[in-house]
Amino acid sequence: MDEIVAEFIRRTILKIPMYEMMTILKAWNFLSENQLQTINFRQRKECLVQDLVLLCEEKCASLNDAALLDIIYTQVHRHQKVWDVFQMSKKPDEDIDLFDMEQFKCSFKKILQRALKNVTVSFRDAEENAVWIRIAWGTQCTKPNQYKPTYVLLYPQTPYAFTSSKLKSFMPLLGQTFEDHNSITPLQERCLELDVNVDSRIIHENTVEKERVQRVTQETFGDYPQPQLEFAQYKLVTKFKSDLNGGILAERKEPLRCLIKFSSPHLLEALKSLAPAGIADAPLSPLLTCIPNKGMNYFKIRDK
């Protein structure tokens, strides 16, 4: 297993919440039950990830194995993505059954690789005969970017295909790939988020806001895993201030003291995920985002 695959697997596992770790790893079915039993799942997440990556190295995990793990993670967290839905329509003289699935997989991959030299395509069968497709795009001169893939969810019995992608520039090529294989008329695109049919203008607004949050988060934290940190502590020392006269606190000469502690198995990754998850506004407070730059996790806040 080369370094690219190892880093891909490491970054994917880091994204998995601890309470979902065993479920997703078992669904992946790459590591055996006996191998998983040798891992201490109560240790710090960074150490746990290292142990899991070592097991994957022993089994010589391939890029496709790593891609399947990413697909499973995305399946579990598909509600966090914005999806576009394509409605495929047949020509009048076509048969009812649009394609054979195994033939489709082979043909779909060949068409994409013929159109673009550097591209990786992975498939995973899911429940209800659904098929998940993961496409990592490159260019004629660069290797596929495994961290900005396109996901396609296909239900063979229906004329619909759902796609989620950060790289919109490749969507025409994806649509053309469906056309070349199925001889269908151009795909009719509509927006869909969380499988709910709502006003397209709201989806557009949500998309713009999500892109802004993603951009601000990347500018703040960077596009790489954060250093391991389990807690940050803030001690606030301030005097009581009020526009109202009188009261017990107004007469108090001693400052008010408050201690706030944030803790998590991977605090910086947790902070990085707050805004994209909609839990906090972007950008976060500088008191939180300054931790890596200042190289400290104890802060004392006083009145100016």
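Guide: Start at Leu31. Setting aside neighbours within four places in sequence, Leu31 is in contact with Leu36, Leu52, Leu55, Cys56 and Lys59. Keep in mind that this is a predicted model.

Now widen the view. Leu31 belongs to the largest nonpolar core, which has 26 residues. Leu31 is among the members that touch the most others, together with Ile9, Ile13, Met21, Trp28, Leu52 and Cys56. Two of those names, Leu52 and Cys56, are also contacts of Leu31. In soluble globular proteins, nonpolar side chains tend to be buried together.

Next, a stop at Pro159. Pro159 sits in the loop that links strand S4 (150-154) to strand S5 (160-165). Pro159 counts as partly exposed, because its relative accessibility is 28%. Pro159 and Gln87 are 72 residues apart in sequence, yet their C-alpha atoms are 5.6 Å apart in space.

Last, the whole protein. It has eleven helices and nine strands. Of its 304 residues, 40% are buried. Among contacts with a separation of 6 or more, 67% join residues 24 or more positions apart. The accessible surface comes to about 18100 Å², and carbon and sulfur atoms account for 52% of it.

Methods. Residues are numbered from 1 along each chain as its sequence is written. This is a predicted model: local features need pLDDT of at least 70, side-chain atom pairs count only at pLDDT 80 or more; totals for chains, interfaces and linings use all residues. Side-chain values use heavy atoms; hydrogens and water are left out. Helices (H or I, at least four residues) and strands (E, at least two) are DSSP runs, numbered from the N terminus. Buried means under 20% relative accessible area, exposed over 50%, partly exposed in between (1.4 Å probe, protein chains only). A nonpolar core is a set of buried Ala, Val, Leu, Ile, Met, Phe, Trp, Tyr and Cys residues joined through side-chain atoms within 4.5 Å. Contact means heavy atoms within 4.5 Å. Accessible areas come from the Shrake-Rupley method with a 1.4 Å probe; for residues, only the protein chains shown count as cover.
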